[in-house]
Amino acid sequence: MLKALCGAAIVALSATTAFAADLALQAPAVPPVTFNWTGCYVGGHLGGGASEDRTINSAGGTVDFGAAGFVGGGQAGCDHQFASNWVVGAEGRAAWSSLSSHHGSNVRFPALGNLVVPSQFGLKNDFLASVTARFGYAYGTGWLFYARGGVAWTHEKIDDAYVSPAAGVAIDPSASVMRTGWTLGGGVEWAFAPRWSANVEYNYHDFGTKGPIQLISPIEGITVAHLKDTIHAATIGVNYHY
């Protein structure tokens, strides 16, 4: 009797296991969750920048120079996904920059018979910001390829150090200038978690040619006829979506 009961239990267990296995095999696969880009976000970015600059004197002579440095800051924006895969949005970003360059130059004094004095010209871009529209295409479960364009700003610190032929002392006239220009760029963003994404992007900033720019000091001032300023920036970033 005991043997018969044990045998029946084994047969029942085997049947139950086989039935459970059949159910497991028949269970439908869970589709991957596709990230939806509609919503707003805040985040940060860091990377490198490079400037391409040019001074133009009153006689039309030009000097080209540039700098490379660090760029880092934050961003915030909102997106809307429509027609299944298209994304449109807007973003504002602001960053600190370490772009700084110095090179040998000269200052001409027309009142002193066009006397030319050697100088050290310097340009720093310590701030970079933009407000842009963004248009992209969502691919797969969490990828976004996009282009952006809009308005950009940079803060320049300009100086030109020399020995004054009139005063006979070293002076360093300077100016602080906020420039407005335009920017174009693009990148790719990856949603690696339900509320988090990472991106890599490149942006070009063009602030045109500005002048004349007055550099002043307590002793005397000079004029930079024209200054052209452009900046390239490549960054990586992380965003939190809400």
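Among contacts in the protein between residues at least 6 apart in sequence (a contact means heavy atoms within 4.5 Å), 66% join residues at least 24 apart. This is a predicted model, in which local features need pLDDT of at least 70 and side-chain atom pairs count only at pLDDT 80 or more, while totals for chains, interfaces and linings use all residues. Residues are numbered from 1 along each chain as its sequence is written, and side-chain values use heavy atoms, with hydrogens and water left out. Welcome to a quick tour of the fold, its spaces and a few residues.

**Overall make-up**

- The secondary structure comes to 1 helix and 11 strands, where helices (H or I, at least four residues) and strands (E, at least two) are DSSP runs numbered from the N terminus.
- Along the sequence, the pattern reads α-β-β-β-β-β-β-β-β-β-β-β.
- Of the 242 residues in the protein, 36% are buried; buried means under 20% relative accessible area, exposed over 50%, and partly exposed in between, with a 1.4 Å probe and protein chains only.
- The protein exposes about 13000 Å², and carbon and sulfur atoms supply 67% of this area. Accessible areas come from the Shrake-Rupley method with a 1.4 Å probe, and for residues only the protein chains shown count as cover.

**How the strands pair**

- Two strands pair if DSSP finds at least two bridges between them.
- Strand E8 (residues 196–210) runs antiparallel to E11, with 13 bridges joining them.

**The largest pocket**

- On a 1 Å grid over the protein atoms alone, a pocket is an open set of points with protein on both sides within 12 Å along at least five of seven lines, and lining residues have an atom within 4 Å of a point.
- The largest pocket has a volume of about 600 Å³. Grid points are joined across faces, edges and corners, and a volume is the space filled by probe spheres set on the points.
- Its lining has 23 residues, of which Asn57, Asn106, Val107, Arg108 and Thr223 lie nearest the centre.
- Strands E1 (39–56), E2 (62–82), E3 (86–109) and E10 (222–224) each supply at least two lining residues, and E3 gives the most, with 7 residues.
- The lining divides into 10 nonpolar, 11 polar and 2 charged residues. Ala, Val, Leu, Ile, Met, Phe, Trp, Tyr, Cys and Pro count as nonpolar, Asp, Glu, Lys and Arg as charged, and the others, Gly among them, as polar.

**The cavity**

- A cavity is a set of grid points where a 1.4 Å probe fits but cannot get out. The count comes to 1 cavity of 30 Å³ or more, and the largest cavity has a volume of about 90 Å³.
- The elements that give two or more residues to its lining are E3, strand E4 (115–139), E8 and E11.
- Among the residues that line the largest cavity are His45, Arg93, Asn203, His205 and Thr235. The lining divides into 6 nonpolar, 5 polar and 1 charged.

- Thr235, in strand E11, is buried with a relative accessible area of 4%. Its contacts beyond four places in sequence include His45, Arg93 and Val200.
- Asp53, in strand E1, counts as buried at 4% relative accessibility. Its contacts beyond four places in sequence include Phe65, Leu123 and Lys228.
- The C-alpha atoms of Asp53 and Leu227 are separated by 7.3 Å, although the residues are 174 apart along the chain.

**Backbone points to check**

- Most residues other than glycine have a negative phi, and most peptide bonds are trans.
- The peptide bond from Gly211 to Pro212 is cis, with omega near -5°, and Pro212 lies in the loop between E8 and strand E9 (213–215).
- Ala83, in the loop between E2 and E3, has a positive phi of about 50° and is exposed, with a relative accessible area of 56%.
- Asn114, in the loop between E3 and E4, has a positive phi near 60° and is partly exposed at 42%.
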